Amino acid sequence: MSRPLRLSFPGAIYHITSRGNARAAIYLDDEDKQRFLALLASCIEKFNWICHAYCLMNNHYHLLIETPDANLQAGMRQLNGVYTQQLNRVYGRVGHVFQGRYKAILVDKESYLLELCRYIVLNPVRANMVEQAEQYVWSSYAATAHANQTSSWLNVDWILSQFSSRKSIARARYRQFVLEGVGQASPWDQLKGQVLMGSEGFVELLRPYIQDAEKLVEVPRAQRLLDRPALAVLFANKVELIKERRDEKIREAHLRFGYSLAEIGRFLNLHYSTVSRIVHCER
């Protein structure tokens, strides 16, 4: 069974999701949500986490967690494990609550954290559960947008500091920022290797942590190839490449670095069938 690539280092920030087994609900009532938030608060304290945003949906949750001590896996074992025990005890049942392993996307704080904070609190709006983010009580939106609804374990300072040094102005601008995000495209188009969201510079900074990922055969191939060069690097000056050299680069991009035929075709403005023919032709 494959396992996800886990990149861990001090100060890492993750967008974390965990879904119910067979897409079943993980919260059966509001008390379950309260129970989960209490457990989350204890994990934040115990593992010295910083929580920037959260949203509890019926069959999954979203968290934005910063780990000063590089201990995400230990904390997540406690969070999901203890919650499973609690839920099974309350309802007199056994078995899994969550579907497989949690998903943790490593986030570039400077480039994507603010956008993901907005994405998370807009989940109930996209799911047509409410019309506005402020109507949903099981997310971090209210605590960030309104001074009188804060939680001691939720850190809103970084988000608000991106809008103004004055909290009242920052909160108003944050509310407008979230409102403007309704209907916008998902940020997941920028995901790299299924596990990272950041600029090329961010990937370069992480090179010491990902340089041996290709050797981990139990990790999905797209994640093992996180260290691969970008298509823009492989096809530098693509307009000036002669056909033979271009075709060689296409084969290298697909066979060595794992880019799909569709990805290569979109980048080079070539039809999928053309790329496939180039890859599979006799050398």
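Here is a walk through this structure, from the whole chain down to a few single residues.

What you are looking at is a predicted model, in which local features need pLDDT of at least 70, side-chain atom pairs count only at pLDDT 80 or more, and totals for chains, interfaces and linings use all residues. Residues are numbered from 1 along each chain as its sequence is written, and side-chain values use heavy atoms, with hydrogens and water left out.

Let's start with the overall picture. The chain has 14 helices and 5 strands; these are DSSP runs numbered from the N terminus, with helices being H or I of at least four residues and strands E of at least two. Of its 283 residues, 47% count as buried, where buried means under 20% relative accessible area, exposed over 50% and partly exposed in between (1.4 Å probe, protein chains only). As for contacts (heavy atoms within 4.5 Å), take those in the chain with a separation of 6 or more: 69% of them come from residues 24 or more positions apart.

Now find helix α7, residues 167–180. Buried along this helix are Ala 170, Arg 171, Tyr 174, Phe 177 and Val 178. Looking down the axis of α7, you'd see these buried residues fall within an arc of 120°, so they line one face of the helix; the arc is that of the directions from the helix axis to the C-beta atoms. An α-helix has 3.6 residues a turn, so residues three or four places apart point the same way. And what covers the buried residues of α7? The cover includes α3 (109–121), α5 (141–145) and α6 (157–161).

Further along, turn to helices α13 (residues 261–268) and α14 (residues 272–280). Their axes come within 8 Å and cross at roughly 115°; axes are lines fitted to C-alpha atoms, for helices over the stretch in contact, and angles run from 0 to 180 degrees between N-to-C directions. The two helices are therefore roughly perpendicular to each other, a label for angles of 65 to 115 degrees. Where they meet, α13 brings Leu 261, Ala 262, Ile 264 and Gly 265, while α14 brings Tyr 272, Val 275, Ser 276 and Val 279.

In the loop between α13 and α14 sits Asn 269. Most residues other than glycine have a negative phi. Asn 269, though not a glycine, has a positive phi of about 60°, and this residue is exposed, with a relative accessible area of 70%. Ala 70 also has a positive phi, near 55°. You'll find Ala 70 in the loop between β3 (60–67) and α2 (72–91), partly exposed at a relative accessible area of 26%.

Conventions: Parallel < 35°, antiparallel > 145°, perpendicular 65-115°, else oblique.
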